[in-house]
Every structure is written in structure tokens, then in C-alpha cells.
Amino acid sequence: MFIVLAVLIVTLVTIMLLWIKQTYNYFDGFGIIYDKPTPILGSMKDALLQRIHLKTVIENLYKKYKSHSVVGIFEGTRPVLMITHPEVINQVGVQHFNSFLNHKEMLDEKFGLIGKTLIALKDQKWRDMRSTLTPSFSGSKLKAMIPFIEKIAKHGVKHLKLCDRDGLGEDIEMKEFFARLTNDVIATTAFGLEIDSLKHKDNEFFALGKSVTNFNGIFVLKMLLTNASPKLAKLLNIKFVSSKNSKFINDTIIGSMKFRRDNNILREDMINLLMEARESSKATKHWTDDEIVAQCLIFIIGGLDSVSSLLCTICQMCIENPEEQRKLIEEIHQTKNDLKDESLTYEQIQGLSYMDMFISETLRLWPPTFITDRNCTKDCVLDDPITGKTIQVKAGENLLIPISALHKDPTYFPEPNKFDPQRFSPENKSNIKHCTYIPFGVGPRNCIAQRLALIETKCLLFHILDEFHFTSCEKSTIPISLDPSTITFTPRNGFWFKVIKN
Ligand code: HEM
């Protein structure tokens, strides 16, 4: 019995070692340099063991291999080509878009709602849904959203005033505050729901947003496992949105559509667009309930965490760079004087040129989405600008675009760790090399909500900085030190600032 068991174990270990050897030899013979992996953990050892934040792990790999245009790395046991040259990023993201239409295979429709969101959809389904949703972000739709966003911004200001009753300033954890404001913005602009998350702390919509954007601990492990082996994750029935949350969002969206239809209500928002996409006589494709609801989910995920992270890092840049904060407030006060109690217009928001530079520089240093990816759907030959040779990419291969690493490359951004909004002044902006600054991604598959995200950020910031400024407090973390058990910009102890009346 003992001998049988020993033989079995030796056989299993041998098979496993052979499999690991074969997996990690993937790049041999391709003529591509690759990172020597740690068995099972690949090139992501420190991120998987939650010792170093994934963003730093990727940035370190980039620094090590940036003298090559692409480098092979391993996400666990999955081989991935990391692109380190902006010209190759342009080839993949723009020139050969038809071969790199999709994101990497990770969450497909078998993962429930999350697998049906725009970010996960593939090929023609993605094209159809993208063109259905794009009108939600047209100039006229964005203009119509500004009064709703302003109302929420003013409400946020009122709340901050109440927190600081003695006028001496108050220490506040701002991530929670901004998450509540951005939650309410999405609820009203996308779904026509008026929610006051600052007052009704436990409202279901915010609870849903919070739970689907809870990117720490278990979520990270699920994500990294799914990333390394989607098949195993499917086998283990790993879920990213609980059945309770799926039911709540389903009831809210489908219920709202029915109510509008029954009562002939027309409100120019995303629900309306989705209803039109499904019910209009011109509709070319039938969308199921799940497919419709899933798009709403991505708006909650995308809208909540990215914009609130950006607002927090803007506040962080304010406390680290008081002189830049002063200039920002000065521009806001000037614009406010011109307003004479009227509402902000789209044109006035676009005219806040220093604010635009300040936000662009914050997005350079702290892009909330610090990597993105593409999957190759058709064999493709790319040009290697460094060697002058070609790079063969085979159908099925995954490519990683290291957004934050490019933003911190001193070749493109001298003194990369210095916060300097002048890099984005009208004179300097045009010198930024194409595809080296890509906080919203690249090509036709870039962030669909880029303009909404910027308008929302500017509008909220305008009203808050008109009344308050930020300084550090005892609990502030300077510089930001990311918590390695999360994959978002969560410093180890939150985003604490002293909020002081101007
Ligand atoms: C500061 C805020 C934001 C940043 C930095 C950001 C960044 C990004 C990036 C880098 C991508 C991937 C693009 C690529 O692969 O080329 C993306 C995709 C996407 N984002 Fe955003 N995003 C932000 C806000 C938002 C908001 C507010 C929403 C929704 C209301 C949103 C919805 C989406 C969607 C649906 C996609 C997938 C697009 C597709 O696959 O066609 N994002 N975003």
C-alpha cells in the first residue's frame, strides 16, 4: 500500500514538474526576452503573496525590461506579453485594432452579470453594445447632466460645513465621502434615481456599489486566481457579484424600465437609451434582461471607484503641493466671480485650464486603472521599433499595457515623481509622446466614460475647493503607500485630510 502511494505521489509530482517546465518554456523559440518565473506564482509572486502592491510589481518589471519593446511575463502560470514601447502600444491599440479587439479572457458570460458587462463583451457583441451606449456620453447628454452633478456637489459642501462646526478644520477620511457623492452622481445621471447617500448611509444602491467595488483581500485573491486560470475559477464557481446584489440591481433596473413604460415617462438617461436599444423599431439586436442590467453594473463599478480614487489623489496632491492648490483655488474663485450665482456651464468647466492641468498631472502619477490588456484574436505581425525586426503575436495570446509604468518613465516624463501640472500646459502638452500618457486607455476600446469622468471630477472639485482647502492631518499618509492586499489606490490607512474653510 505504502509503495503504491509513493509511486502515485512521485508520478503526480513528475507530471506537475513537467507541466510547469513546459508552461514556463512558452517563450523559448519566439525570440522574445522573458522574465524567469517563480513556479506557480510566475512574475507576480510579491503581488500574489500580498507583499507588494500589483502596481509596483508591474512598474518594477517595466523598469527591468524597458530596453526591449515587449517582454514575456507570467501571471501565475499564464504567459502574457507586456508591451513596453509606446509605438507597439499604438500598433496594438489603434493600427491593428481588428486583431486586438477584446480584453483578455477572464470573466466570460459564465461568471454571471459581470461577464456580460461592456468591458467583458467580445467581438460583434462588444461592437453592438459599445455603439448602443456611446450616445449616453455625447456633448448634449453631458451638458444635461451638469445641473444634477452640481446639486450633489453643493449637497456635499453643506455636509462638510456641518462636519466643521467650529470652523477650525476637521480631519476627514475622504474616500468614503467621495464614494458617496460619486454613487449619487451615477444614480441620478445614469438611472434617474435621487439618492442621498451622505444622509441615508445604508441605502441599498450605495451598499450595492460598495460591495461590488470592495476590491480587497478575498476579491484580490479571486481576481488573481481567475487571471491565472479562468478554467479553474469557473470550476470553483468563483463569483464576483453575489446573488443578492444581482437580484437587487436586476429588480431596480428592470422595475424602473417597466414603471417608465407603464407611465409613459421619458427621462434622458442611460436607462432610456437601453430601453430604446431594446424596444425601438430600429433595434437590430435583441438584448436580454441580463445583458441590459449588466451594463448598469459596470457603470456602478466604473463610476464609483475610479472617480472617487481620482478625487482622493487630487486632494493628496493638494496637501503635498500647497502652492499648486493655491493656484487651483484662485482659478476657481475667479470663475466663481464671473458666475454671479448662476449655475456652472459646460463651457465654464472646459475653461478651467489650470484645473485641467492639475487633474492630468494627478492622473499621470496616480492613474486609478494602472494596467489594461488586450487579447489577440487573429495572428498578427508587429514591428519592433527597437530591433527593426518583427514581433509575431499568435491568436489567443494576451498582452498587458502597463499604464502607470509608462507615466513614470523618465524618458517621457523627466523627474517623473515630481508633481508638475505645467507638463500639461497648452505649450508643453503637444510634446507628450503618443501613447505614453494613457490614463483612459487607448484606441476604440478606451474608456467610454472619459468625458463624463472628467466633467464629474471637475464639477465636484469646483464646489468643494471654492469653500475649502486641504492640509495634512495626523492620520495622513505622505507619500501615498498602497495597501498590497488591495488592487486600488487605498493607502494603508485610508485618505485622511484636514478639511479647512477658505
Ligand atoms: C477617472 C476615472 C476613470 C478612469 C481613469 C478610467 C479608466 C479606464 C481605462 C484605463 C479603461 C480601459 C481602456 C482600455 O483598455 O484601453 C476603462 C474602460 C472602461 N471604463 Fe473607465 N475610467 C474612469 C471612469 C469611468 C466611469 C465613470 C465609467 C462609467 C460611468 C467608466 C466605464 C468604463 C467602461 C464601461 C469601460 C470599458 C469600455 C469598453 O470595453 O468598451 N469608466 N476605463
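Trainee: Hi! Which residues come nearest to the ligand?
Mentor: Of the 25 residues around the ligand, the nearest are G302, T372, G441, C447 and A449. A residue is near a molecule if its C-beta atom, placed from the backbone, lies within 6 Å of it. Residues are numbered from 1 along each chain as its sequence is written. The model is predicted, with local features needing pLDDT of at least 70 and side-chain atom pairs counting only at pLDDT 80 or more, while totals for chains, interfaces and linings use all residues.

Trainee: Which element gives the largest share of that shell?
Mentor: Helix 13 does, with seven residues. Helices here are DSSP runs of H or I with at least four residues, strands are runs of E with at least two, and both are numbered from the N terminus.

Trainee: And how do the shell residues divide by class?
Mentor: There are 16 nonpolar, seven polar and two charged residues in the shell. Ala, Val, Leu, Ile, Met, Phe, Trp, Tyr, Cys and Pro count as nonpolar, Asp, Glu, Lys and Arg as charged, and the others, Gly among them, as polar.

Trainee: New topic: at what angle do helix 6 and helix 7 cross?
Mentor: Roughly 150°, and the axes of helix 6 (residues 139-163) and helix 7 (residues 174-191) come within 10 Å. Axes are lines fitted to C-alpha atoms, for helices over the stretch in contact, and angles run from 0 to 180 degrees between N-to-C directions. Helix 6 and helix 7 are therefore roughly antiparallel, a term for angles over 145 degrees.

Trainee: Which residues make the contact?
Mentor: Helix 6 brings M145, F148, I149, I152 and G156, and helix 7 brings L181, D184, V185, T188 and T189. Contact means C-beta atoms, placed from the backbone, within 7 Å. By class, this contact has six nonpolar, three polar and one charged residues.

Trainee: What about helix 14 and helix 16, how far apart are their axes?
Mentor: They are 8 Å apart, and the helices pack at about 145°. E324, K327, L328 and E331 of helix 14 meet Y354, M355 and F358 of helix 16. That contact divides into four nonpolar, no polar and three charged residues.

Trainee: Last one: what is the strand order in the open sheet?
Mentor: The four strands run 1-2-7-4, with mixed pairing. Strands pair if DSSP finds at least two bridges between them. The edges are strand 1 (70-75) and strand 4 (372-375), each pairing on one side only. Strand 1 pairs with strand 2 (residues 78-83) in the antiparallel sense over six bridges, and I73 stands opposite V80 in strand 2.

Definitions and conventions
Parallel < 35°, antiparallel > 145°, perpendicular 65-115°, else oblique. Contact = placed C-beta atoms within 7 Å.
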